[in-house]
Amino acid sequence: MRIGELSERTGTPRRLLRYYEEQKLILPDRCANGYRSYDERLVDRVLQIRGLLDAGLPTRIIKRILPCLDKPRRIHFSDATPEMIATLENERDRMSRRIECLTRNRDAISEYLDAVRSDNTAS
């Protein structure tokens, strides 16, 4: 698929897709005419990258953990430093706290909606 279709399917601007390519987060093929050709699997990859960026991970870390998102998972980091491991642990813990907060907020909204709906049906 061409960059416009990938952009449309993922809601990601073309410019940002080119940035992902510069950062080697996605690797499109090149056609004989020089156009980029994006494999279908890159739709999910772009959505995963966006989710990780939204969670606050920098692209340098995302690039390192992308193999964890593929199957079969063959992960070997010969250069994983204690600092990188600590950074990933901190990011994981921060995400867990955010998930807990979002879950509490979702549950509160659900309770509110249940109360509003029961009040409306009682009227």
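## Reading the chain, feature by feature

Author: Let's start with the surface: the chain exposes about 9000 Å², and carbon and sulfur atoms supply 50% of that. Accessible areas here come from the Shrake-Rupley method with a 1.4 Å probe, and for residues only the protein chains shown count as cover. Keep in mind that this is a predicted model: local features need pLDDT of at least 70, side-chain atom pairs count only at pLDDT 80 or more, and totals for chains, interfaces and linings use all residues. Residues are numbered from 1 along each chain as its sequence is written, and side-chain values use heavy atoms, with hydrogens and water left out.

Reader: Which pattern does the chain follow along the sequence?

Author: Helices and strands are DSSP runs numbered from the N terminus, with helices being H or I of at least four residues and strands E of at least two. This chain has five helices and two strands, and they come in the order α-α-β-β-α-α-α.

Reader: What radius of gyration does the chain have, and what would a compact globule have?

Author: The radius is taken over C-alpha atoms, and the globule rule is 2.2 Å times the number of residues to the power 0.38. For 123 residues a compact globule would come out near 14 Å, but this chain has 20 Å. Its C-alpha trace spans about 70 × 40 × 25 Å along the principal axes.

Reader: How many of the residues of the chain count as buried?

Author: Buried means under 20% relative accessible area, exposed over 50%, and partly exposed in between (1.4 Å probe, protein chains only). Of the 123 residues here, 24% count as buried.

Reader: Which residues is T10 in contact with, leaving aside its neighbours within four places in sequence?

Author: A contact means heavy atoms within 4.5 Å. T10 sits in helix α1 (residues 3–10), and, with neighbours within four places set aside, its contacts are V43, V46, L47 and R50. T10 counts as buried because its relative accessibility is 8%.

Reader: And where does T59 lie?

Author: T59 belongs to helix α4 (residues 59–65). With 14% relative accessibility, T59 counts as buried too. Skipping neighbours within four places, T59 touches Y19, Q23, L25 and L53.

Reader: How is a pair of aromatic rings described?

Author: By the distance of the centres and the angle of the planes. Rings of Phe, Tyr and Trp (its six-membered ring) pair if their centres lie within 6.5 Å; planes under 30 degrees apart count as stacked, over 60 as edge-to-face and the rest as tilted. This structure holds one aromatic pair. It is formed by Y19 and Y20, whose ring centres are 6.5 Å apart with planes at 55°, so the pair is tilted.

Reader: Is Y20 buried or exposed?

Author: Y20 is buried, at a relative accessible area of 1%, while Y19 is partly exposed at 32%.

Reader: What is the phi of K24?

Author: K24 has a positive phi of about 65°, although it is not a glycine. You'll find K24 in the loop between α2 (14–22) and β1 (29–30), and its relative accessible area of 52% makes it exposed.

Reader: Where does D44 lie?

Author: D44 is in helix α3 (residues 41–54), and at 53% relative accessibility D44 counts as exposed. The C-alpha atoms of D44 and R9 are separated by 9.8 Å, with the two residues 35 apart along the chain.
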